[in-house]
Amino acid sequence: MKNIGTILATSLLSGVVTLGSYKLFFEEDSFLNNSNTITTSAPFRNVANTAFEAPNFKLAAEKTIHAVVHVKNVSFRNAPRNPIMEYFYGYQGGNKTYAQVGTGSGVIISEDGYIVTNNHVIQNANELEITLNDNRTFKAKLIGTDSKMDIALLKIDTNEKLPFAAFADSDAISVGDWVLAVGNPYNLTSTVTAGIVSAKARNLSENGIQSFIQTDAAVNPGNSGGALVNGNGDLIGINTMISSATGSYVGYSFAIPSNMARKIVNDLMEYGKVQQGILGVQGYEINSQVAAENKLNFKQGFYVESVTKNSGAEQAGLKKGDIIYKIDNKGINSFLDLNSIIATKRPNDEVKVSLKRNNKDEEFLVRLSKKEIAQVQFNGFEIENLSPTEQKALGINYGVKINGISNERYKPYEGELKNSIILAVNGSKIENTEHANEILSKLNQQQLRIDLITPKGERLRLIL
């Protein structure tokens, strides 16, 4: 009995202690709430626990697939006779003609049948055939091309209005925006893939004049020339290439921005060829080394090394040493940034150039010059593109001609060097004046090794 009493007494005491502890620590008028004791806690943010919802692309896909077409390129080639077959089976006649078929995609951009695609999709075609999403086929006519930007414009004739994709402003897209790629990979018509914009202004070309939109929407062979559209189904790019060791999609793809494609298409419709204006400056992008050498207090922009004679830049007052950091309020960090903006303009268009001169901000209105008439300054050499006749006479499809020399070091040799052809700079073949200046912009005042042919046919190498 004594043990039972002890147990009951212990249980009762435990209950009292528990009740007292509850009253002390948990009730509103507890000891802690009425004392001067300071308590601390970790920062807390109330976040709703909601699941991520991907956007609905149904309407954008439905809107786009009817505007994307299948492009078939038929070319003919002659295969030489096979002497072994002739030995066993006798003379088979002349060379045999074979048809080669290539396929890709295109985008209808007007209700009367204009179609934009890639130049490489229709290159060397003898016949072009377009298949609409409803399986109707049409013969297509080539209106014009821009091989440099890889754009081609086709036209089909039909008595009815066709569905088409409207151009959107590609400058308005941002990294992370959702996009759809629509095309015909591996001849699978009306294929839609989704992804996001991975990067803007990607430069993958050797001449440094193209500015691509990079996405992770799946693009494969056959997608070339197809549409890259935003969530509204409006055209923001023309899918053009992938970068892959296997030739198939590996996680990212590239599209020509719609603003550039639209400008090229408008030129081809109106003039039959691309109208290219130039700003008239040559130079290189600012980096830490250039900033230190020129005692600059900023490290971004395009350093003007020279200004083209008689160009809009010269007439507006731009000078050597200016640092261009904006054109039409768009940031400039490299030659590609500058060129991608100018490439959407025509001769006589005006652009607002924001620059630093002696560490002070200045603005100039520059009227773009015609590319054909301007001579370009290349490290003290005045150069211009070779004409097709000159290239044919020399048996080359690249190179630029020296029209004059302003480099004092080589001024005494102007008689020998004038009209010489620059073939390569530091081992890289020079395709045209733009390519020459792109090479110069990448070198950042490094030593130049110039290979050229004199008017007498002699080959020389200059070290600058």
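**Notes on a barrel, its cores and a few rings**

1. Let's start with one spot: Gln214 sits opposite Phe254 of β13. Strand β10 (residues 212-215) and strand β13 (residues 253-257) run antiparallel and are joined by three bridges. Two strands count as paired when DSSP finds at least two bridges between them. Strands (E, at least two residues) and helices (H or I, at least four) are DSSP runs, numbered from the N terminus.

2. Before going on: this is a predicted model, where local features need pLDDT of at least 70, side-chain atom pairs count only at pLDDT 80 or more, and totals for chains, interfaces and linings use all residues. Residues are numbered from 1 along each chain as its sequence is written, and side-chain values use heavy atoms, with hydrogens and water left out.

3. Now the wider view. Six strands make a closed barrel in the order β8-β9-β10-β13-β12-β11, with antiparallel pairing. On average, neighbouring strands of this sheet are turned by 45° against each other, direction ignored. Helix α5 (residues 258-271) packs on the sheet, where it touches β12 (235-242) and β13, and its direction makes about 50° with that of β13. Contact here means heavy atoms within 4.5 Å; axes are lines fitted to C-alpha atoms (for helices, over the stretch in contact), and angles run from 0 to 180 degrees between N-to-C directions.

4. Where is the largest nonpolar core? It has 29 residues, and those with the most contacts inside it include Val107, Ile151, Leu235 and Ile264. Elements giving two or more residues to this core include α2 (58-65), β7 (151-155), β12, β13 and α5. Helix α5 gives the most, with five residues. A nonpolar core is a set of buried Ala, Val, Leu, Ile, Met, Phe, Trp, Tyr and Cys residues joined through side-chain atoms within 4.5 Å. Buried means under 20% relative accessible area, exposed over 50%, and partly exposed in between (1.4 Å probe, protein chains only).

5. Ala60, Ala61, Thr64 and Ile65 are buried. Looking down the axis of α2, these buried residues fall within an arc of 115°, so they line one face of the helix. The arc is that of the directions from the helix axis to the C-beta atoms. On the face turned away from the buried side are the exposed residues Lys58 and Leu59.

6. On to the rings: there are four aromatic pairs. Rings of Phe, Tyr and Trp (its six-membered ring) pair if their centres lie within 6.5 Å; planes under 30 degrees apart count as stacked, over 60 as edge-to-face and the rest as tilted. Phe212 and Phe254 have ring centres 6.3 Å apart and planes at 65°, so they are an edge-to-face pair. Since Phe212 lies in β10 and Phe254 in β13, the pair ties together parts that are 42 residues apart in sequence. Tyr284 and Tyr303 are stacked, at 5.3 Å centre to centre with 20° between the planes, and both of them are buried.

7. Last, strand β25 (residues 421-425). Five of its five residues are buried, so β25 is largely enclosed by the rest of the structure. Strand β25 pairs antiparallel with β27 (residues 449-453) over four bridges, with Ala424 partnered by Asp451.
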